[in-house]
Amino acid sequence: MMDHSVVVGFRRIMDRAGWLALALLGAMVFMPFLTSDPLAYSIGTQILIGASGALGVYVMLRMELLNFAIPGFMAVGGYAAAISASHGVTDIFALAAISFMLPGLLSIPVGAIVLRLKGVYFVLITYIFTEIVQLVLIETPSVTGGTDGLIGFPVLQAFGVQLTAYSSTFYVSLTLAALAFLVAIVTTRIFRQQFSSIAQNDVLAESFGLTLWRYKTIGFFVSSGVAGLAGFSLVNMLLIAHPLSFTATSAVNYIAYAFIGGTGYLLGPLLGSALLVSVTNALSFSGEYSEGFFGIVIMIAVLVARGGLAGALANLWGKLGPRRFRQDYPRPASKVSVKGAQ
Amino acid sequence: METVLSTVLIGVMLGAQYALLALGFTLIFGILGVVNFAHGSLYMLGGYLAYAAVAKAGVPYPAAVVFATLGTAALGYLFEVWILQRVVDDHLATLILTLGFSQVIITGVTMVFGHEAPRFTFPIVGNVAVGSLFIPQDKLIVFAISAVVICAVYWLVYRTGFGRAMRALSIDRAVAITLGMNARIIFPLTVALSAGLAGLTGSLITPILSLSPHAGESVLITAFVVVILGGLGSVAGATAAAFLVGIIEAFSGVYIGGSLGTLGLFVLVIAILMFRPSGLFGASMRGA
């Protein structure tokens, strides 16, 4: 009996884009049957990390807030995992809990300050937050290793099994990305209306009795926690927790993934990260050139395809898909006029 | 006492540089409502253009500075006309566009000049003795140029028809347009002015500090800090805040050292954003 209500409840929570995102992540489990190429694993891992970071951007964009604090919270999650692991915590789920909760808890007091601002001011204050995290990392060498970072990451365990296979980094990232997406799907689905009304017109929403700070704090908590998981994933891949992995400018990458993938759809971060990371690798750009490539692509996306990849796919599906599925996806609240905000 | 005096002097000179940098950033926000994430990259590009003119074409340094200023201004003009103008009222879109533009500039410069920092030095070295103080000549020259340019920008914004049109468009575009002001002419010119100021600052300061494809990143943060302290969009506020930041940085550099001073400055900025979002010095040109 209970099963039924759980299923109904779960079906209400999950929408199609959410299922599709989880299904795509699930399909990646079968990668070893397709290839044993270490490069494919490395690209897969990078895609998953990028997608998790972009997911943090996506969650806040649902409230029309562009979040530059992602690398800052990634650093908190990544360093928390690295420090815990060096103290003997090697279970991946325990570390996942730490790398989600610590940035999440930190986001509450930080959010109490930054969430009072919106628009341009929110962008600037979150950018400065990430800069502050950088400075704190460098100024506390006894805990964080300072400019040397924390080198080495012990072998992780899952269900008591040591993860020594060369593919394990990929699977750790896959697990963390799946957790991140699950949390984000559930949150954005439960609070869909609240987030949308904040995005559309927060003043009006508040006048109708919506407690803005509560929902903004929930969104920021999830965004930061998800970023923390991405940070753990990144540190596990690089085997070092270093300030340079979490610069404020690296936020641009996650924002690019979210925008290219489509900011109106949960699938967006995954699609954007998959496209940009694999194209970057295919064209074998070094880091410097990929920045320019991202730059051109996000400019094109903003000018001609505001829905991003997921938006284009949804349009196609709306035109070509089976009739019973031809319903509109929620459109992203894209345009906020500066004039209107005066 | 001498240390204090020389620290104040360092701070004031630093402040003039920051003011030059922040003026362009605050203008483009004040008039168009655009937060220009490419401002740091334009600064860096200005440095590289001047370097290329001096090292590759053998142009004298003062001419190279003019070339860098005009070059970055032209690029800013084209960026506004071709790209920014299409979505100028969508603040999220313009922000992403400037981010993309910044990345393209950095990559373009890296492709042409490589990753390594080129050797680009100020043509004049040596110190001027004032009483018992020694002031580096290069910084003195930069200070003088900055002061002149800041005054020129003031004159332009507050004393000319062009400036009045700019301010009118930022206050109420619909009314300004019905009165005959053309945003399609004024906006690109404002972006060109802002970009040119960034380029000028870059061509003057990178020979003293350092030049590399990522030199613009730290500069962008400084511009953020100054402009937030001064009130986003406020020209007078940015100038005053620039000198304040310059003096704070000079003192923390001498007496605290390391990045703790910067950390303190960031915390101050957050406090300002919380309690006085219009900046330390009152009203800004535009709300956000």
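Student: What share of the 288 residues of chain B counts as buried, and what makes a residue buried?
Tutor: A residue is buried if 20 or more other C-beta atoms, placed from the backbone, lie within 10 Å of its own (12 or fewer: exposed; in between: partly exposed). In chain B, 54% of the 288 residues count as buried. This is a predicted model: local features need pLDDT of at least 70 and side-chain atom pairs 80 or more, while totals for chains, interfaces and linings use all residues. Residues are numbered from 1 along each chain as its sequence is written, chains are lettered from A and ligands numbered from 1 in the order written.

Student: What radius of gyration would a compact globule of 288 residues have, and what does chain B have?
Tutor: The rule is 2.2 Å times the number of residues to the power 0.38, over C-alpha atoms. That puts a compact globule of 288 residues near 19 Å; chain B has 19 Å, so the two agree. Its C-alpha atoms fill a box of roughly 60 × 50 × 35 Å along the principal axes.

Student: Which residues is Ala22(B) in contact with, neighbours within four places aside?
Tutor: Contact means C-beta atoms, placed from the backbone, within 7 Å. Ala223(B), Val226(B), Val227(B), Ala238(B) and Ala242(B) qualify.

Student: How many residues of chain B are in contact with chain A?
Tutor: 42 residues of chain B are in contact with 38 of chain A. Helix α4(B) gives the most to that side of chain B, with 15 residues. Helices are DSSP runs of H or I, at least four residues, and strands are runs of E, at least two, numbered from the N terminus. Chain B has eleven helices and two strands.

Notes
Contact = placed C-beta atoms within 7 Å.
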